[in-house]
Amino acid sequence: SEMPAELRSKIERRENVLGPGYRLFYRDPLEIVSGRGAHLFGPDGTDYLDAYNNVPSVGHCHPHVVEAVHRQMQTLNTNTRYVQDSLVSYAERLTATFPDELKEVTFTCSGSEANDLAVRLARRVTGNTGMIVTETAYHGLTIAVSEFSPSLGTASPLGEHVRTIPAPDRLRHIADGDLGAFLAEQVRAAAEDLKEHGYGVAAFIADSIFSSDGVFADPAGFLQPVVEAVHRAGGLYIADEVQPGFGRTGADWWGFRRHGIVPDIVTIGKPMGNGIPIAGAVFQPELTEEFGREVRYFNTFGGNSVSIAAGAAVMDVVETEDLIGNARKQGERLVDELRKITADQDDVLEVRGAGLFIGVDFVTDRESGRPDGARAAAVVNGMRERNVLISAAGKYGNVLKIRPPLVFDDADVDRFLEAFADATKS
Ligand code: PMP
């Protein structure tokens, strides 16, 4: 369809003033003016089903969060260098959702800052600098963090102290073999190489749902031998929960729990404030003792009163609306139905995920299992034409990334499935 002249002119102004680094979603870019629940609305009132945004996790503009932020903004908004009961109460409530060992939290404004701090600490505690990540991982935008974010591509080179291991792509790497053992061996070899080059291992950091690698959740527990391998090599295990955290995987607040492991550090962000910037790193206190005494870490906006109010309100909603249970229930239904729809589609290798984090892996044919990014992009755009919003991930962009707000309800699932069946029909 022809783009309306008015929209074309808005996009031109945008490009002129923001430059080429700012990308738009979709072949047919989308203009939106408001949001509610799992829905976004265009200037003409068109209702788009949002099956992609995980930041507004409790729903776009959730009234309880809006009210809490509004009230706090009218009362006080300042930094963490004063005694404020709300800050401490929220930190206690948040850390109580983690395994006992993880007792302490530092607040930041972004996931990138949280990962940056986590790695700074891992370096100090281990005396090493080497990093191990999966081959299409994304961990953020600072210089330090972008150096171990291979999903940024060759224009943003990896650091010399960084080694990658394959994604936990069971079907393509080991079929019915032991995925955990395979990955642990990869970590062991990477650690060996880092030692030979004088870096040692500071940490293995992994997104617990491997979102940018292409969404890999199963078999639950495959991270256990990997964590053992990194510990044996003298490094820490950092669980990046920026994407899967806050209930999305449908079993617990945190995605790493599915693997039955206790990370040394966990980083959190995105859905934490439903759009108000708040993120953080959660530590085992032994790690921070020396660093905390000797290094001044002050993050001007990190953990400010309004961000904390948003964070507490998000936790209220996750609990009162049982959004972890809803993520599990709606996620299971989505996966079941998507598997039925694609059972006879030779271009879908598998439908996988946990809770409301679902991937659909497109291939040229099942026999070869060759990733087909063009097909996935066509489906993403086909869904957009049907007013349903998703995106794609993976090394070859061949995996649909379905990651709706956790308030996704029965009618939203029905509407999603109808659009999917229509958009993938051959
Ligand atoms: N880690 C992961 C797994 C992420 O997906 C992201 C953001 N896409 C980040 C870290 C960085 O978070 P932020 O954009 O808040 O800096």
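**Reading a predicted fold, pair by pair**

Visitor: Let me start with one pair of residues. Which residue in S15 stands opposite Asp 361?

Guide: Asp 361 has Val 399 of S15 opposite it. Please keep in mind that this is a predicted model.

Visitor: How many bridges link S12 and S15, and in which sense do they pair?

Guide: To read a pairing, look for the bridges between two strands; at least two are needed for a pair. Here S12 and S15 are joined by four bridges, in the antiparallel sense.

Visitor: How many bridges does S12 share with S11?

Guide: Six bridges connect S11 and S12, and these strands also run antiparallel. One example is Val 348, whose bridge partner in S12 is Phe 362. S11 and S12 form a hairpin with two residues between them. In the turn, Gly 355 has a positive phi of about 55°.

Visitor: Is S12 mostly covered or mostly exposed?

Guide: To judge burial, count the neighbours: a residue is called buried if 20 or more other C-beta atoms lie within 10 Å of its own. By that count, six of the six residues of S12 are buried, and the strand is mostly covered.

Visitor: Which residues of S12 point one way, and which the other?

Guide: Phe 357, Gly 359 and Asp 361 point one way, while Ile 358, Val 360 and Phe 362 point the other way. The residues on both sides are buried.

Visitor: Now a whole sheet. What is the strand order in the open sheet of four strands?

Guide: Read the order from one side to the other: S1-S2-S3-S13, with mixed pairing. At the edges are S1 (34–36) and S13 (388–389), each of which pairs on one side only. Within this sheet, S2 (residues 39–41) and S3 (residues 47–50) run antiparallel and are joined by three bridges. In one of these pairings, Leu 40 has Tyr 48 of S3 as its bridge partner.

Visitor: Let's step back. Into which domains is the chain divided?

Guide: Domain 1 covers 32–58 + 322–424, and domain 2 covers 63–320. Their centres, taken over C-alpha atoms, are 25 Å apart.

Visitor: Which residues come nearest to the ligand?

Guide: Around the ligand there are 15 residues, and the nearest are Ser 110, Gly 111, Ser 112, Gly 140 and Val 242. Helix H4 (residues 111–126) gives the largest share of this shell, three residues. As for classes, the shell holds four nonpolar, nine polar and two charged residues.

Visitor: What else describes the chain as a whole?

Guide: The chain has 13 helices and 15 strands. Of its 426 residues, 50% count as buried. For contacts, look at separation along the sequence: among those between residues at least 6 apart, 74% join residues at least 24 apart.

How values were computed:
Residues numbered from 1 in each chain as written. Predicted model: local features only at pLDDT ≥ 70, side-chain atom pairs only at ≥ 80, totals over all residues. Domains from an automatic or database assignment. Near = placed C-beta within 6 Å. Nonpolar A, V, L, I, M, F, W, Y, C, P; charged D, E, K, R; others polar. Buried ≥ 20, exposed ≤ 12 C-beta atoms within 10 Å, placed from the backbone. Contact = placed C-beta atoms within 7 Å.
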